[in-house]
Amino acid sequence: MHSIFFRSRPARLSSGLSFIVALGCAGAWSPLWADQADQADQGERPELTVYTYESFVAEWGPGPGVEQAFEVRCGCDLRFVALGGGVDILQRLRLEGASTEADVVLGLDMNLIHDARELDLLAPHQVDTAALTLPIDWQDDTFLPYDWGRFAFVYDRQALPEPPTSFEELLDAPEDLKVIISDPRTSVPGLGLLLWIKHVYGDRADEAWERLSPHILTVASGWSQAYFSLFMNGEAPLVLSYSTSPAYHMAVENTDRYQAAEFSEGHYLQVETAAAVAGSDELDLARDFLAFILTPDFQRHIPLGNVMYPAIDLGDDLPPVFDRLIEPDSFTFTPEEVGEHRRDWIREWLNASSR
Amino acid sequence: MTEGTPDSTRIGVSARPWWRGPRANRLGLPAAIVAAGLVLALGLGSLGALLWQAPRWDVARLWQEPYLLAIVRFSVWQATLSTLASLGLGVVVAVALARRPRFAGRTLLLRAMELSLVIPSLLALFGLVAVHGRQGWAAPLVQALPLGQANQSPDYLYGLSGIVLAHVFFNLPLSARLMLQALESVPTTHWRLVAQFGLGRGAIWRLVEWPCLRRLLPRLAALVFTLCFSSFAIVMTLGGGPGSSTLEVALYQAIKYDNDLALAALLALTQLVVCLGLWALALAAGGMPRLAGSASERSLGPGFRRDAFGLRRLTDAVVLLALAALLLPPLIAVVTAGLAGLPALVGDARVWAAAARSLAMAAAAGLAAVLLATALLSGCAALAERGHTAASAFLEGSGQLILILPAMVMGTGLFLLLRPRLGGDVEGYVLVIVVNAMMALPFALQVLRNAVLGLATAQRRIADQLGVHGLSRARWLVWPRLRRPAALALAYAMTLSLGDFSVIALFGSPSAPTLPMLLYQQLGGYRWQGAAATALLLLILVVAVFALLLGLTRRLPRYAWRGAHHAAPSVAASRLR
């Protein structure tokens, strides 16, 4: 009886298995797991490991161009390790401590500098910063700026022909003018807005938040959610972003529809920095890389690759759309002030917004 | 077995290899203990590492920070509402779908249900906003409603209603799909009796559907609650303000900004306590499945049902249309957004390499999840058979640990544990696969549970008498009833890890991105169109995985001589009347 009873469909079973096995083979295929370029020449060349964030190493980001230009010049192998964002770089550094494999960290913004410095893991950059063209004076001997930008509200010209020209105007606007912001606890622009309002309003910041709150459509968890999921869907005519965002739309998408609103109180600055790791085996190479950061070969990838302002004067290499961006006054707290007060200010915001 | 002569099998009982012998039947329990040990080591190990590193921690901080309590209260509240809505509506949908085994577009609807679970939250957000937002497709409809807000854009997407809507969008399809699977495994004989007695709606619910769903509901509720409790981007972005955030936000701050590992561990423990309490309740309330469809009998689903006519046609149509209206428009929004970028994507070798990488990792993670789940469940069955129900429930509960433990805590903890040895790219990928497998485990357990545990004692006794043991028993008794749920479980587990970004983000990525990583890179670089196209590719892969796996395991007529019989019950039943 069992010849009938137990007749199976081995073909079916094996086709299922072979599907899995095929996937497994595809998985073992090594070019999938590493850049071929990296594998090709792993000779005697020293390797420089740079911790950075996800969008920096994207195909269209500054990463590939920077890697190529630096490898030609140094005869070394530049390896990027991409983490989620600046705060993830700091956390990774903190967890790894002195045993970190990073030689350079690239992507710590001004608000992370204070905490990063306290780790005592980073070395002075020893780079001549005379070429820097930031709107503020930069004297730090550890953290070297590689790009900068201003936080701004980007508006949709079709939905909002006349954007507010100051914070006061935004706060006094009729209630149906909605803005999308992001959370200062989980997003960089969110923290930027918190500091911006604190800088403009000082002790009256909580009052300003209370006046702003009827205009807030929602507080997104991150910039991508705010900009992509909500703003691009037309949910509100204003979104918290960078003053350089319109450059991307104008240069790559060829549309003038999205512009940044210029506020007369001035705009808060964002400066992104790189630093060398003191315990690195390749400290000299790391410093070479930092010096390379302030050359046009690095900087020319910044404007459209990272959609930020370059840290030096690029001259004709600066894409023309950058001349059409707003040029407001800008200011910033020192990293020490942010490090000292961030918790209190976030608590103040929490209280003011839940009132 | 098929080749062996009767003589050799009968005489050679002692000569057969050990893996076909009776002792091999008992392998289930050790395998389950190994699996549970692995999960617990990973989960508790990472939590322990965090506690170990934390300089000092006092529980009092939990109530010293008033906002933490508020967060916990809000999380419990929104998760409860979301769970009730998802399961309540899920029952209605599952019953309607089970009653209508054939209608145009049913398969399409099932595929859409599978999609909405695994669609990355950022895209789901995009789709939901495109449909339900203030400028969404549904806005004109809502404005047309006589509710007085004729000239105002609808705001229901922001606030508690939006959170619940999004969670229902994610979890209703999951729960309805699993309930449908349970309903479809009701033995054909039951449905024959229903037809013969001409049972009405109330009686079918009381005697067939409710007993079948009742065993499933507590676990499903715990699963959905856990998912909603720990949801992050959805709750924050649709919540409207800082009042609506989850523990993960506090956790994120503690780990990433404040380097307050003590607080992080404390928060993780809080989440663990809340969710574990719920799971304990669920496991205690659930009980074991009693009667599941036997493998030899092809489950035909309902044949003739008195409750399938008249007004029911209308209500079923309304229910299914409502389901379609909930599920399809956001998916269509994502698909249409992606279509424009598709041509550019097809020519991009990097995208295809990323897709292959993602698929390979998903296959590994999915397979591991299904194997772990099968091992755990067979151990549960062995324990339950011996009357150790508590131990059995504990074993099953251990599989849920990773879901309850916040990913950020696990990532940080694992990192601390493995720190000196986490250099190479490959190790990073392996770790991602392992963690993804653990994260998919609760889903695999849900799907496989009935198939593994429902093996009736009678069938086991017959197998004992026939001397079908070990591997043979697994192949001939267990596998036939396991293959279809296993395919569904594998599909769910694979697609979960296909769409997962959280784990990869924890360990950092080398130069070779997976598909979700590519998606986030594109978003970070303003590449909306490319991101939407990548998302579309992700959705296509998910559909392909489901279609392929379920297609490969579709039940063929097993007994040729009964082929003519198959269409019979409904016809026979209707003649009997």
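Okay, so let's start with helix α17 of chain B, residues 349–385: α17(B) packs on α23(B) at an angle of about 135°, and the two axes are 8 Å apart. This is a predicted model, by the way. Because of that angle, the pair α17(B) and α23(B) counts as oblique. As for handedness, α17(B) and α23(B) make a right-handed crossing.

Who's touching whom? On the α17(B) side you've got S358(B), M361(B), A362(B), A363(B), A365(B), G366(B), L367(B), A369(B), V370(B) and A373(B), and they meet A486(B), A489(B), L490(B), A493(B), M494(B), S497(B) and L498(B) of α23(B). Sort the residues of that contact by class and you get 14 nonpolar, 3 polar and no charged.

Okay, next partner. Stay on α23(B), which spans residues 470–498, and look over at α26(B), residues 528–552: their axes come within 9 Å and cross at roughly 165°. An angle over 145° counts as roughly antiparallel, so that's what α23(B) and α26(B) are to each other. The crossing of α23(B) with α26(B) is right-handed.

For the contact itself, α23(B) brings in A487(B), L488(B), L490(B), A491(B), M494(B), T495(B) and L498(B).

Key: Residues numbered from 1 in each chain as written. Chains lettered and ligands numbered in written order. Predicted model: local features only at pLDDT ≥ 70, side-chain atom pairs only at ≥ 80, totals over all residues. Axes fitted to C-alpha atoms, helices over the stretch in contact; angles between N-to-C directions. Helix = DSSP H or I, 4+ residues; strand = E, 2+ residues; numbered from the N terminus. Parallel < 35°, antiparallel > 145°, perpendicular 65-115°, else oblique. Left-handed = near helix turned anticlockwise from the far one by under 90°. Contact = placed C-beta atoms within 7 Å. Nonpolar A, V, L, I, M, F, W, Y, C, P; charged D, E, K, R; others polar.
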